[in-house]
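I opened the model and kept notes on what I looked up. The entries follow in the order I made them.

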Amino acid sequence: MSTENEGNAVPPAPSAPPVPMASPTASPQGPAPAGNAPTAPLPPVPQEAPAAPTASAAPEHGPAPDGSWPPPPPVTPAYGDGGAGGPGTGWGASYQQPAPKPRSGRGGLVAAVLVAALVAGGLGGGLGYTLAKDQDDRGSTTVSASDSATQVKRAPGTIANVAAKALPSTVTIEAESDNGEGGTGTGFVFDTQGHIVTNNHVVADAVDGGKLSATFPNGKKYDAEVVGHAQGYDVAVIKLKNAPSDLKPLALGDSDKVAVGDETIAIGAPFGLSNTVTTGIISAKNRPVASSDGSSASKASYMSALQTDASINPGNSGGPLLDASGAVIGINSAIQSSGSGGFGTGQSGSIGLGFAIPINQAKYVAQQLIKTGKPVYAKIGASVSLEDSTDGAQITDQGTGGSAAVEAGGPADRAGLKPGDVITKLDDHVIDSGPTLIGEIWTHKPGDKVTITYKRGGQEHTVELTLGSREGDN
């Protein structure tokens, strides 16, 4: 399966997410560094606002990769049109290269909304007074809900309780390159030292001299820097500058113990709407996914993903996927979507097929990035075909750039694997294609022993090998 990463263009305003209602269980983060005062939240827009006679309308705005790395983007299946609304049957439509960040594109719209809100407020007040005066002699009896009916919905283990505890430890990330292009994504607090875990494609624009910031739900905004990023895994770690001392890392669960049907809770900033909470279930496990940003120059990321039907949209990238107890079981990374999303932006939205990097894998990658700044990949030392297949991962006749398909002295070579062999299983996991094999290999660590089942000349063979390692993305 092939998808596109999901991301979202940087919204021009506000510069910080709206500050939500204070929760009794949510503990605020520490003070923000000077010069980063949050933008005041927009007032709520009334549902029915009579048009003001004198109000003016708002202006319109206008071939064969190594089984470890670096595999080029899969030739097939195609990644589609990048969610631009054009022809094609693209997978996902999440993260795409956004246009240069506008500086005042929403100014007119915001102003018009504020005027409408004020006018509607005045009309509502006048009408309310008139009705109250006319019906002063009439009586009405209402029934108030008891406190217990409200509190039971926020009991431990409920979605409201989990969200209240997790939201203060999630951030909205804004990444901007030196030429002004960038995007918005999500991340979560990994440790008390100020490390934030997110997706590689969320911070990619800020890697070489760009700008990076993280904003908490309480409006506190911090500058940040990239500690390390792993393009193949689509995992990155950033660190807050002048991080507060009261950071509360999210608890990490065990993604190996997740079962199909388990409840899930996703937190992110879909289409720039920070601190959004959605729910669903685990729809499938070990889903082979190859994702990219849709551009012809991009390299694919591979994962054996957790699939969820929790609503995940552009901007949710890098956010936590939680279980019912509030523990992180995955990092939301990609979506599959059909055509244009109809949002007026050309970006596709959720159709209930979201994919998350299992937290057991992401935790290992993040710890390596914090320790050395570089990712470490497990490998078998053989190049496999990335073409569409349902029969297995075939070792090619030649490797990338004319190199040998089977690395001399590597794990596959020592195990006796040869070009033309078709790998059909890795341990108990069925392998139907090259991307599936890569995703499964990368769920392991270098040095792990795995059992490979393969076919040669119509005969099935089984062999055990020890995975090798490769450091860095290049």
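Entry 1, terms and numbering. I take helices (H or I, at least four residues) and strands (E, at least two) as DSSP runs, numbered from the N terminus. By that reading I placed aspartate 427 in the loop between β16 and β17 (429-430). The model is predicted, so I noted its rules: local features need pLDDT of at least 70, side-chain atom pairs count only at pLDDT 80 or more, and totals for chains, interfaces and linings use all residues. Residues are numbered from 1 along each chain as its sequence is written, and side-chain values use heavy atoms, with hydrogens and water left out.

I listed seven helices and 20 strands. For burial I use relative accessible area: buried is under 20%, exposed is over 50%, and partly exposed is in between (1.4 Å probe, protein chains only). Of the 474 residues, 47% count as buried. I then looked up the accessible surface (Shrake-Rupley method, 1.4 Å probe; for residues, only the protein chains shown count as cover). The surface comes to about 21,800 Å², and carbon and sulfur atoms hold 53% of that.

Back at aspartate 427, I read a phi near 55 degrees, a positive value in a residue other than glycine. Aspartate 427 is partly exposed, at 28% relative accessibility. I found another case in asparagine 286, which is not a glycine and has a positive phi of about 55 degrees. Asparagine 286 is in strand β9 and is partly exposed, with a relative accessible area of 38%.

I pair rings of Phe, Tyr and Trp (its six-membered ring) if their centres lie within 6.5 Å; planes under 30 degrees apart count as stacked, over 60 as edge-to-face and the rest as tilted. The structure holds five such pairs. I wrote out one, tyrosine 233 with tyrosine 377, which is stacked at 4.3 Å centre to centre with 10 degrees between the planes. Tyrosine 233 lies in the loop between β6 (221-230) and β7 (235-240) and tyrosine 377 in strand β14 (residues 376-379), so this pair ties together parts 144 residues apart in sequence. Both tyrosine 233 and tyrosine 377 are buried. I also noted one aromatic cluster made of Tyr233, Tyr302, Tyr377 and Trp442.

Lysine 445 lies over the face of tyrosine 364, at 5.2 Å from the ring centre.

My rule is a side-chain nitrogen of Lys or Arg within 4 Å of a carboxyl oxygen of Asp or Glu. The count comes to two. In one, glutamate 407 meets lysine 379 at 3.0 Å, N to O. Glutamate 407 lies in the loop between β15 (393-394) and α6 (411-414) and lysine 379 in strand β14, so the pair ties together parts 28 residues apart in sequence. I noted glutamate 407 as partly exposed at 30% relative accessible area, and lysine 379 as buried at 13%.

Arginine 456 and aspartate 421 meet in a salt bridge of 2.8 Å, N to O. The pair links distant parts of the chain, with arginine 456 in strand β18 (residues 449-456) and aspartate 421 in the loop between α6 and β16 (422-426), 35 residues apart. Arginine 456 is partly exposed, with a relative accessible area of 30%, while aspartate 421 is buried at 1%.

I found histidine 195 in strand β4 (residues 195-198), buried at 8% relative accessible area. For polar contacts I take a pair of N or O atoms within 3.5 Å; within protein, one must be able to donate a hydrogen and the other to accept it, and residues adjacent in sequence count only if both atoms are side-chain atoms. The side chain of histidine 195 makes such a contact with the side chain of aspartate 191 (2.8 Å).

In α3 (residues 159-166), I marked Asn161, Val162, Ala163, Ala164 and Ala166 as buried. With contact meaning heavy atoms within 4.5 Å, these buried residues pack against β2 (170-176), β8 (263-268), β9 (276-292) and β11 (320-322).

Technical notes
Lys NZ or Arg CZ within 6 Å of the ring centre and 35° of its normal.
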